[in-house]
Amino acid sequence: MNWNRTLAAPRRIVGDFDCSGEDIERDWVERKGCWSSVTRVLLTYEQVRAYGLPATEGKSGDPRWPAFARRYGFDPRRPVQWEVEALEPAELQRLVLAAVDPYIDRTVLAQQIAREEEQRCALA
């Protein structure tokens with residue numbers, strides 16, 4: 001495996017669209033110190049709107065809610081959130097695969113698939 005390429009690849013995050021989920025990127029970089037940044041792949045405000053996903057009641061009392069509400073124009077008195085699981089499973093899979101596809105080493109993947117097939121044959 002090419003570890004240099006792996007370590008240089010941007011870090012991708014999949015999570016719910018809410019004030020806590022959005023804070024994961026900042027918190028992870030700050031607490032872990034191993035990455036300089038992460039990029040949210042799912043679930044984003046744009047995806048929530050594009051897919052018309054239903055909102056659910058958010059976590060009342062979360063101190064991050066007021067800033068989140070202001071940033072996106074939500075009612076600060078009514079916390080809401082969107083779950084990544086609200087996406088259709090096939091679409092969720094498509095979006096995740098599209099996000100990681102540029103970072104897949106096709107040679108390594110082909111070798112691994114061949115190795116697994118050899119193991120299946122040996123077990124049969």
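The side chains of which residues meet in a salt bridge with 3.0 Å from N to O? They are those of Arg26 and Glu30, where a salt bridge is a side-chain nitrogen of Lys or Arg within 4 Å of a carboxyl oxygen of Asp or Glu. This is a predicted model, in which local features need pLDDT of at least 70 and side-chain atom pairs count only at pLDDT 80 or more, while totals for chains, interfaces and linings use all residues. Residues are numbered from 1 along each chain as its sequence is written, and side-chain values use heavy atoms, with hydrogens and water left out.

Arg26 and Glu30 both lie in helix H2, 4 residues apart, about one turn of the helix; helices (H or I, at least four residues) and strands (E, at least two) are DSSP runs, numbered from the N terminus. Arg26 also forms a salt bridge with Asp23, whose closest N and O atoms are 2.7 Å apart. Asp23 is buried, with a relative accessible area of 14%, Arg26 is partly exposed at 40%, and Glu30 is exposed at 57%; here buried means under 20% relative accessible area, exposed over 50%, and partly exposed in between (1.4 Å probe, protein chains only). A network of salt bridges links Asp23, Arg26 and Glu30 with Asp62 and Arg64.

Turning to the rings, the structure holds 12 aromatic pairs, counted when rings of Phe, Tyr and Trp (its six-membered ring) have centres within 6.5 Å, with planes under 30 degrees apart called stacked, over 60 edge-to-face and the rest tilted. Phe17 and Phe68 form a tilted pair, 5.1 Å centre to centre with 55 degrees between the planes. Phe17 lies in the loop between strand S1 (11-14) and helix H2 (19-32), and Phe68 in helix H4 (residues 65-72), so the pair ties together parts that are 51 residues apart in sequence. Both Phe17 and Phe68 are buried, Phe68 with a relative accessible area of 1%.

Leaving aside residues up to four places away in sequence, Phe68 touches Phe17, Asp18, Cys19, Glu22 and Phe74, a contact being heavy atoms within 4.5 Å. Ring pairs link Phe17, Tyr45, Trp65, Phe68, Tyr72, Phe74 and Trp82 into a cluster.
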